[in-house]
Amino acid sequence: MPAKGAMTVRPEAPVREPRTVKGREPRPVGAHADAVRVVAVSRAYATRRGPVRALGGMSLRARAGEVVAVVGPSGCGKSTLLELICRLQAPDAGSVEGAPAVLMAQRDLLLPWASALDNAALPLLVAGARRARARERARPLFAQLGLGGFETAMPHELSGGMRQRVAVLRTLLAGKPVLALDEPFASLDALTRAQTQEWLAQALARESRTVVLVTHDVEEAVVLADRVVVMSPRPGRDVASLPVEIARPRRRTDPAVVALRERTLEALGAQT
Amino acid sequence: MRPLVRGATGGAGVLRAIVLATALLGGWQAYAQLSGIDDFLLPAPTEVARALYHDRSLLWQQLTVTAGEVLLGIVVALVAGLACALTLHLWRAVRRTAYPLLVASQTVPIVIVAPLLVAWWGFDLAPKLAIVGLVCFFPVTVTTLDGLGSVDPELRKLMRTLDASRWQTLRRVEAPAALPALFSGARIAVAVAVIGAVLAEQAGSSDGLGHLIIQSIPQFETARAYAAVAVLSAFAIALFGALTLAERQLLPWAHRPTGGTP
């Protein structure tokens, strides 16, 4: 049993030695403390109507423990950026370095045949832990993050907000230093989204991780992030970086939050 | 009680099915009696019912033979179908080269193959299993292969960022996701398995319901042949129903709306 109190799933406490997958080893982080270091990256896709440049000269850095929100007009290559950070694809030009990252998609992608606990424990099972051991490791996180009592619930019994929380737990239990969140709350209704954002802010306060949060919701960006990066329309590149120097917990009605939201929207508006 | 999914299994559905069956039987009965057609050509349902009762021990005995062939044949088909589906799923190159051959295997007329198998392997169980297996493994393969491939590409990406190996993705995600499809394949297989077993018995056999049918017709025991067909149908329906029930019990998640996922 873990000790009482602020028990956390630390990225540096892996269940096993990180598996090295051919061609996907985490690049050495080097002297700088950047957990994510994307430099002047370009990426194009071949489509039926010719090549589409998703990213052109995109740069992004995130220090270890920093929460960086990336906002931009739709189709500006935000998802491509996250897939590059997760090494699901390689850039055509530029470089992507940093610590290993895990992807969380907009849809919860919970396995319908597994309980909430088993869904959250999926990364541990994949890493080779036995089922009992994986559950034992996942269970404390349920209690700490306010999901106690929902362990045995099946995904179809959970509301959209709860499903998304279980998906966040699964992402945390992957034990990777970097979380790549791709519009994680976009499918939720406004009220649930606000509650789930608040919950995520608390969860991240407990679980120090580097987060790259892609969103089209500027308010979400300002409420959750240490820094907001604004992207241009396709081919996407970074055009502004706005530090969010507002004490937490942040309320969306806080004048400082509202003011920064307006500034971010302006920076976005200048791009479209 | 939870309303059972898919209309036909609900109470009203069962009622309608009974009404339809009664109407069809009534029409048949009326035609057989009023047209004056010979009993040897078209026995009335009452004649078939009489044969069912009169020959019940014979029919039961022959059913046990055929049922054994069908059940073992389906097991053969499930094993072969699963192996095929997994192979084709895991190796794209194999899929491209072997899939057309699989389809071709289904165009081989069983009526021609069955006597050949009997000539090679005699009146034993082996040719029956081979024929039932041949007609049944195809639906199992095709549905399971589709099931394995139906996994959300986003989920595959997630598994890749979790450093899941090919085997892990198969075991944790693809295989469970394919189970409902496997059951669908098995249900289709049940229906064709009975036909396969009867054809195999007619090609060469000393017992079984197919053998009984082939014997009854030249003996002018047409009602008995129809009774044998009725027994076969009931058996297939029972198997189909058992599979449906088993799926509900084993895979309850497959029959629920997925909820929050848009």
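Residues are numbered from 1 along each chain as its sequence is written, and chains are lettered from A, with ligands numbered from 1, in the order in which they are written. In this predicted model, local features need pLDDT of at least 70 and side-chain atom pairs count only at pLDDT 80 or more, while totals for chains, interfaces and linings use all residues.

**Exercise 1. Work out the order of strands in the open sheet of chain A that contains E8(A).**

Step 1. Start with the terms: strands (E, at least two residues) and helices (H or I, at least four) are DSSP runs, numbered from the N terminus. Two strands pair if DSSP finds at least two bridges between them.

Step 2. Look at one side of E8(A): strand E3 (residues 67–71) of chain A pairs with E8(A) in the parallel sense over four bridges. Here A:Val71 stands opposite A:Val230.

Step 3. Now take E9(A) (residues 238–243), which pairs with E8(A) in the antiparallel sense over five bridges. A:Met231 stands opposite A:Asp238, and a hairpin of six residues joins E8(A) to E9(A).

Step 4. A:Val67 stands opposite A:Val211 in E7(A).

Step 5. E5 (101–104) and E9 of chain A are the edge strands, each pairing on one side only.

**Exercise 2. Is strand E8(A) largely enclosed or largely open?**

Step 1. Set the cut-offs: a residue is buried if 20 or more other C-beta atoms lie within 10 Å of its own, exposed if 12 or fewer, and partly exposed in between, with C-beta atoms placed from the backbone.

Step 2. Apply them to E8(A), residues 227–231: four of the five residues are buried, so this strand is largely enclosed by the rest of the structure.

**Exercise 3. Describe the side of chain B that touches chain A.**

Step 1. Count the residues in contact (C-beta atoms, placed from the backbone, within 7 Å): 22 come from chain B and 26 from chain A.

Step 2. Find the elements: helices H7 (153–161) and H8 (166–203) of chain B each supply at least two residues of this side. H7(B) gives the most, with six residues.

Step 3. Sort by class: this side of chain B has nine nonpolar, six polar and seven charged residues. Ala, Val, Leu, Ile, Met, Phe, Trp, Tyr, Cys and Pro count as nonpolar, Asp, Glu, Lys and Arg as charged, and the others, Gly among them, as polar.

Terms used:
Contact = placed C-beta atoms within 7 Å.
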